[in-house]
Amino acid sequence: MDKYCLECGEKLIGRVDKKFCSDYCRNSYHNKLNKDSKNLMRNINNILRKNYRILEKLNPDEKTKTSKTRLLVEGFNFQYFTSIYTTQAGKTYYFIYNQGYLPLENDEFYALVKRN
């Protein structure tokens, strides 16, 4: 029984379980297969990366305070973070990897922290 490349349709010669005629066809096939989700993930990762850089820039000493206005001027997006940490006292920290922030004073100011 003849088998054909899943990407280009060329007849396959070699191993019984071979699905592609070349690395190029294999990569091309999988890139097309994952294309829809890649744009979404790429956009989210870009937002997270930007948020991380902003926190890193505004928090060079591992602990500081800043205003919501300053974060917004820098382009910070509060809807994207990687984890949430709630203390025993009930305070909720939002983290982008190891850089975090804690809302203070009616969300007008934020404590910036770095987790080691």
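In the predicted model, F95 stands opposite G100 in strand 4. This contact belongs to the pairing of strand 3 with strand 4, which run antiparallel and are joined by 3 bridges. Strands here are DSSP runs of E with at least two residues, numbered from the N terminus, and two strands pair if DSSP finds at least two bridges between them. The hairpin of strand 3 and strand 4 has 2 residues between the strands, and Y97 takes a positive phi near 55° there. The model is a prediction in which local features need pLDDT of at least 70 and side-chain atom pairs count only at pLDDT 80 or more, while totals for chains, interfaces and linings use all residues. Residues are numbered from 1 along each chain as its sequence is written, and side-chain values use heavy atoms, with hydrogens and water left out.

Strand 3 (residues 92–96) is also joined to strand 2, by 4 bridges, and the two run antiparallel. Within this pairing, Y85 stands opposite Y93 in strand 3. Strand 2 and strand 3 form a hairpin with 5 residues between them, and in its turn G90 has a positive phi of about 95°. The bridge partner of L102 in strand 5 is A111.

Together the strands form an open sheet of 5 strands in the order 1-5-4-3-2, with antiparallel pairing. Strand 1 (63–67) and strand 2 (83–86) stand at the edges; each has a single partner strand, so one side of each is left without a neighbour in the sheet. On average, neighbouring strands of this sheet are turned by 30° against each other, direction ignored. For this value, axes are lines fitted to C-alpha atoms, and angles between N-to-C directions run from 0 to 180 degrees.

A search of the whole structure for disulfides, defined as pairs of cysteine sulfur atoms within 2.5 Å, finds 0. The closest cysteine sulfur to that of C5 is in C8, at 3.7 Å, which is too far for a bond. C25 is likewise in no disulfide, and the nearest cysteine sulfur, that of C21, is 3.6 Å away. C5 counts as buried at 5% relative accessibility, where buried means under 20% relative accessible area, exposed over 50% and partly exposed in between, with a 1.4 Å probe and protein chains only. C25 is also buried, with a relative accessible area of 6%.
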